Amino acid sequence: RKHSRGTRASGTRAAAGCAVAAPATVPARAARWAAVLSTRAAPAGDRSVLIALGANLGDPHAAVDAACARLQVFAAAGFRASSRYRSAPVDCPPGSPVFINAAVAFEAREGETPATLLRALQAIELACGRASQRARNSPRPLDLDLILFGQHVCAEAWLTLPHPRAHLRRFVLEAAAEVAPDWRWPGRDAAVLGRLGRCGAA
């Protein structure tokens with residue numbers, strides 16, 4: 001799935017652990033990034049998890065709220081949720097609604113693995129009404145992508161880590177830069193915030 005450049009969403013409800021920001025002016029946004037840079041999260045460890053959230057069917061804000069609340073149970077510490085971003089769908093069926101995007105980062109609880117977390121994400125998607133089979137790029141009530149799990153590298157039919165396209169997607173990087181600006185993709189030479197600076201509009 002591709003999106004055009006995102007804008008921060010306004011007027012959304014906040015669930016526990018889900019920060020929602022009003023639209024920022026240029027000076028306000030600059031001040032926000034300065035605050036992020038002054039309180040950077042620690043570099044990703046073996047159990048540091050980054051998840052991208054998106055929804056554009058039904059009530060996307062409520063779906064992201066619910067997912068944020070459910071995801072907190074998998075965190076041992078440091079649960080952080082980004083602001084919400086609105087992005088227009090690209091390469092999706094005609095008339096597809098806009099997406100609401102966010103990201104969460106946390107240190108996974110003891111015993112959690114990429115496989116167990118992936119199964120949990122899929123279960124949350126199904127609980128929020130996502131069909132187990134759907135047309136490619138079709139609207140969906142919730143989309144949860146496991147972007148990073150520490151320095152794990154995996155290339156299986158059921159999971160690729162790190163996420164193979166997230167480092168090219170502005171709508172993922174903008175949200176991720178709020179919660180994990182210093183985290184690096186295994187094998188990449190730039191952290192999340194650096195990738196954002198190189199990313200185009202998609």
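The accessible surface of this protein chain comes to about 9,100 Å², with 55% of that area on carbon and sulfur atoms (Shrake-Rupley method, 1.4 Å probe). The model is predicted, so local features need pLDDT of at least 70 and side-chain atom pairs pLDDT 80 or more, while totals for chains, interfaces and linings use all residues. Residues are numbered from 1 along each chain as its sequence is written, and side-chain values use heavy atoms, without hydrogens and water.

**Exercise 1.** Find the length of helix H2 and say which of its residues are buried.

*Solution.*
- Step 1: H2 covers residues 60-71, which is 12 residues (helices are DSSP runs of H or I, at least four residues; strands are runs of E, at least two).
- Step 2: From first C-alpha to last, H2 reaches 16 Å, close to the 16 Å expected (1.5 Å times one less than the number of residues).
- Step 3: Pro-60, His-61, Ala-63, Val-64, Asp-65, Ala-67, Cys-68 and Leu-71 are the buried residues of H2 (under 20% relative accessible area, 1.4 Å probe, protein chains only).
- Step 4: Their cover includes helix H3 (114-127) and strand E7 (99-108).

**Exercise 2.** Which residues form the aromatic pair, and how is the pair arranged?

*Solution.*
- Step 1: The count comes to 1 aromatic pair (ring centres of Phe, Tyr or Trp, the latter by its six-membered ring, within 6.5 Å).
- Step 2: Phe-79 and Phe-106 are stacked, at 5.8 Å centre to centre and 15 degrees between the planes (stacked means under 30 degrees).
- Step 3: Phe-79 belongs to strand E4 and Phe-106 to strand E7, so the pair ties together parts 27 residues apart in sequence.
- Step 4: Phe-106 is buried, at 2% relative accessible area.

Technical notes:
Buried < 20%, exposed > 50% of the residue type's maximum accessible area, 1.4 Å probe, protein only. Contact = heavy atoms within 4.5 Å. Phe/Tyr/Trp six-rings, centres within 6.5 Å; stacked < 30°, edge-to-face > 60°.
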